[in-house]
Amino acid sequence: MKKVLPRGFIALAFLASLLVAASPASARSILDDPPTDHIVIDLVAMAGSGCAPGTAAVAVSPDNKAFTAIYSEYLAQAGPGIPVTENRKNCQLNVLVHVPQGFTFAIAKVDYRGYGFLQRGAVAQQRANYYFQGMTQGTYVNHPITAPLDDNWIATDDVPIAAQVFHPCGEMRNLNINTELRVAKGTSTDVSYLTMDSTDGSIETVYHFAWKRCPN
């Protein structure tokens, strides 16, 4: 049983900023402005119970400062009559960002937004990590979503400067983005749900770029 969500309530975007501090061998100086050349991003693959094929998309903003991910069927729910398999939903996006020659980028901050209907006593959380292919997988950052709730929710990841890691200059490495929603009924007695999806495209995950020049 899937609870139908009121579209009018799901109206916030899902922000994320990209920065990562690299060693001098990787890049030289952080830029205030992005490259002027057009940035292209490819959604190479998607997998997970929260993003069946065809239910997610990515696009670069016109100013090259960010890219967005949009989901259409990303919902976790729990309660009477809800199968346990619906309590946890996840999605892994594998994306390739084609950057202009001589530049590199990273991830610094991610603001997640969605909609939740959580009964008093329910337990819910959003969690995520992201890493470049071939690098160590980042630790999941967990964000509890407080119940009761019948509103939009927001969760923010801030990556300290010293912990930021840039895409290796001159290499083609995909960016893996893992997200997850979890809901448990806890002591509640009715259905609760948490979503990052949007049937009208109004909820986005926005990853803002930070840019550096690569060494000559």
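**Ground rules.** I'm working with a predicted model, so I kept local features to pLDDT of at least 70 and side-chain atom pairs to pLDDT 80 or more, while totals for chains, interfaces and linings use all residues. Residues count from 1 along each chain as its sequence is written, and side-chain values use heavy atoms, with hydrogens and water left out.

**Pairs.** I searched the whole structure and got eight aromatic pairs. Rings of Phe, Tyr and Trp (its six-membered ring) pair if their centres lie within 6.5 Å; planes under 30 degrees apart are stacked, over 60 edge-to-face, and the rest tilted.

**F67 and F209.** I looked at this pair and found it tilted, at 5.7 Å centre to centre with 40 degrees between the planes. F67 is in strand 5 (residues 66-71) and F209 in the loop between strand 15 (204-208) and strand 16 (210-213), so the pair ties together parts 142 residues apart in sequence. Strands here are DSSP runs of E, at least two residues, numbered from the N terminus. Buried means under 20% relative accessible area (1.4 Å probe, protein chains only). F67 has 0% relative accessibility, so I noted it as buried; F209, at 10%, is buried too.

**Y115 and Y193.** This pair is also tilted: 6.4 Å centre to centre, 35 degrees between the planes. Y115 sits in strand 9 (residues 109-118) and Y193 in strand 14 (residues 192-195), 78 residues apart. Both are buried.

**Cluster.** I found F67, F105, F132, F209 and W211 in one aromatic cluster.

**Charge over a ring.** R127 lies over the face of Y140, 4.2 Å from the ring centre. The cut-offs: NZ of Lys or CZ of Arg within 6 Å of the ring centre and within 35 degrees of the ring normal.

Terms used:
Helices (H or I, at least four residues) and strands (E, at least two) are DSSP runs, numbered from the N terminus. Buried means under 20% relative accessible area, exposed over 50%, partly exposed in between (1.4 Å probe, protein chains only).
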